[in-house]
Amino acid sequence: MTAERAASHVETEETVTLTIDKTGETHQLRVLSGTTGPSAIDVRDLYAQTGMFTYDPGFTSTASCDSSLTYIDGDAGILRHRGYAIEDLAEHSDFMEVCYLLLNGDLPNAKQKAKFEHTITNHTMVHEQLMYLFRGFRRDAHPMSILVGVTGALSAFYHDSTDISDAHQRMVASHRLIAKMPTIAALAYKYSIGQPFVYPRNDLNFAENFLHMTFSVPAEEYRLLPEVSRAMDRIFILHADHEQNASTSTVRLAGSSGANPFACIAAGISSLWGPAHGGANEAVLNMLGEIGSKDRIPEFIARAKDKDDPFRLMGFGHRVYKNYDPRATVLRKSCDEVLAALGVGDEPLLDLAMELEKTALADPYFVERKLFPNVDFYSGILLKAMGFPTSMFTVLFALARTVGWVAQWKEMVEDPKQRIGRPRQLYVGPDERKFVPMAGRR
Ligand code: CMC
């Protein structure tokens with residue numbers, strides 16, 4: 001299956017009958033099926049047929065689109081991109097291959113891979129004028145705020161790739177976004193710590209280049225450790241796409257109006273920033289710092305269970321996974337490898353995280369609700385060991401997720417069924433009221 005031959009659902013023979021008890025009216029609703037996973041009841045004609053909406057805040061039972069990019073079975077803890085298990089991609093592939101896979105539908109052959117890498121490498125520099133934008137931010141600005149602003153501004157710099165009706169421009173914009181995001185992320189970091197900007201280097205691979213732009217200084221070249229670049233690349237793979245989550249749905253919704261891809265990705269970054277989504281990796285490390293030592297774990301577990309306390313165990317629980325998040329399993333293993341390569345030895349935060357995980361997984365509150373560690377639980381420890389400050393964690397998530405957002409956006413724009421996204425509501429405000437002139441208001 002290639003991306004050019006856009007996949008679509010199948011209308012099955014199966015139907016579901018909806019009976020409106022009050023009137024006795026019945027309505028036949030078609031059942032749609034995909035390749036695998038739950039089928040869906042087609043309610044597109046429901047309003048026209050019945051004058052009623054469906055109600056699903058948080059979209060827990062709603063499929064918003066067809067997609068052939070990513071499959072998740074949350075009960076079994078399965079994550080696949082275009083059919084390939086995340087464990088295999090993390091172990092045997094690299095981020096550039098995964099980008100190609102997500103964008104084009106298949107893993108590249110050697111020639112396709114070399115060409116794709118060359119294309120991405122040729123787009124890593126940003127317009128020199130864009131650098132001035134950074135200087136408009138306060139030095140203590142959170143790098144995510146810089147990332148949102150500067151990504152949105154890309155549409156002002158790359159006019160020749162904002163016509164979404166042109167397939168070539170869509171592809172150029174996709175490549176530009178994937179290639180420039182590491183540069184923008186590194187520039188945001190450099191600006192926030194007052195160091196000079198470092199230009200990209202075309203002789204380095206994607207992960208190495210990002211580490212170089214982030215950690216090199218003119219006075220001293222950053223020493224690239226293969227274990228660290230490999231771990232960076234793996235982190236990028238693990239965050240590349242994750243189906244219709246909040247930020248991806250935001251990108252699709254923004255794009256459904258015909259907005260340009262740079263603006264859509266800026267919208268996705270904003271959505272990712274929240275602590276219930278991509279902001280959780282930063283929140284996990286802050287939480288571990290607050291817990292401080294193993295003897296305080298019971299106190300924080302009790303707080304997480306207390307419904308009168310807003311505290312939640314960060315890095316735990318997931319809307320879809322009701323099992324161990326497969327990405328967390330890979331990251332936990334990576335933590336040991338990277339800490340050993342860096343000669344960190346015993347990392348107290350990793351010890352604390354493992355003990356916290358053990359305690360939570362033995363507690364009926366977490367067991368009954370199927371709350372397991374998610375991708376953010378271990379990523380922060382790994383990133384910290386690699387030298388990233390916590391404020392950069394969500395930036396790294398955004399950098400890696402850009403390919404997923406872009407591929408999902410492209411898939412949506414190329415889907416002939418695509419219409420502007422326009423949810424309805426259950427209006428609960430006042431009914432019609434007569435306007436009261438000022439003199440009559442109390
Ligand atoms: N700590 C304590 N209780 C929790 C937690 C948690 N981390 N997560 C869920 N619960 C409880 C929740 O209080 C509810 O209990 P009850 O049934 O008694 O009311 C039950 O579990 C179901 O939770 P929910 O809030 O209805 O679940 P949701 O699907 O709406 O939310 C979530 C999913 C990820 C927002 C939530 O689990 C959470 O806030 N986790 C912490 C933040 C986090 O780690 N986010 C990263 C998600 S993975 C990366 C990404 O997608 O960006």
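**Entry 1: the ligand**

I began with Lys307. An N or O atom in its side chain sits 2.9 Å from an oxygen atom of the ligand. I keep in mind that this model is predicted. Next I looked up His277. One of its polar side-chain atoms is 2.5 Å from a ligand oxygen atom. Then I checked Phe316. Here a polar backbone atom lies 2.9 Å from a nitrogen atom of the ligand. How much of the ligand does the protein bury? I found that the ligand taken alone exposes 940 Å², and the protein buries 75% of that.

I then listed the surroundings. The ligand has 22 residues around it, and His277, Leu313, Gly315, Arg319 and Tyr365 are the closest. I sorted the shell by class: eleven residues are nonpolar, six are polar and five are charged.

**Entry 2: strands**

I turned to β1 and β2. Strand β1 covers residues 10-19 and strand β2 covers residues 26-33; they pair antiparallel over seven bridges.

Thr70 has His81 in β5 as its bridge partner.

**Entry 3: salt bridges**

How many salt bridges does the structure hold? I noted 24. I looked at three of them.

Arg30 bridges to Asp42, with the closest N and O atoms 3.2 Å apart. Arg30 is in strand β2, while Asp42 is in the loop between β3 (40-41) and α1 (46-50), twelve residues apart. Arg30 is partly exposed at 34% relative accessibility. Asp42 is buried at 5%.

Glu414 meets Arg170 in a salt bridge of 3.2 Å, N to O. Glu414 follows α18 (393-413) and Arg170 is in helix α7 (residues 167-193), so the pair ties together parts 244 residues apart in sequence. Glu414 is partly exposed at 28%, whereas Arg170 is buried at 11%.

Glu337 and Arg234 form a salt bridge at 3.3 Å, N to O. Glu337 is in helix α14 (residues 326-341) and Arg234 in helix α9 (residues 226-238), so this pair ties together parts 103 residues apart.

Last, I followed shared partners. Salt bridges join Glu11, Arg30, Asp42, Arg44 and Asp45 into one network.

How values were computed:
Residues numbered from 1 in each chain as written. Predicted model: local features only at pLDDT ≥ 70, side-chain atom pairs only at ≥ 80, totals over all residues. Heavy atoms only, no water. Near = heavy atom within 4 Å. Polar contact = N/O pair within 3.5 Å; in protein donor to acceptor, adjacent residues only side chain to side chain. Areas by Shrake-Rupley, 256 points an atom, 1.4 Å probe, with all protein chains shown as cover. Nonpolar A, V, L, I, M, F, W, Y, C, P; charged D, E, K, R; others polar. Pairing = 2+ DSSP bridges. Helix = DSSP H or I, 4+ residues; strand = E, 2+ residues; numbered from the N terminus. Salt bridge = Lys/Arg side-chain N within 4 Å of Asp/Glu carboxyl O. Buried < 20%, exposed > 50% of the residue type's maximum accessible area, 1.4 Å probe, protein only.
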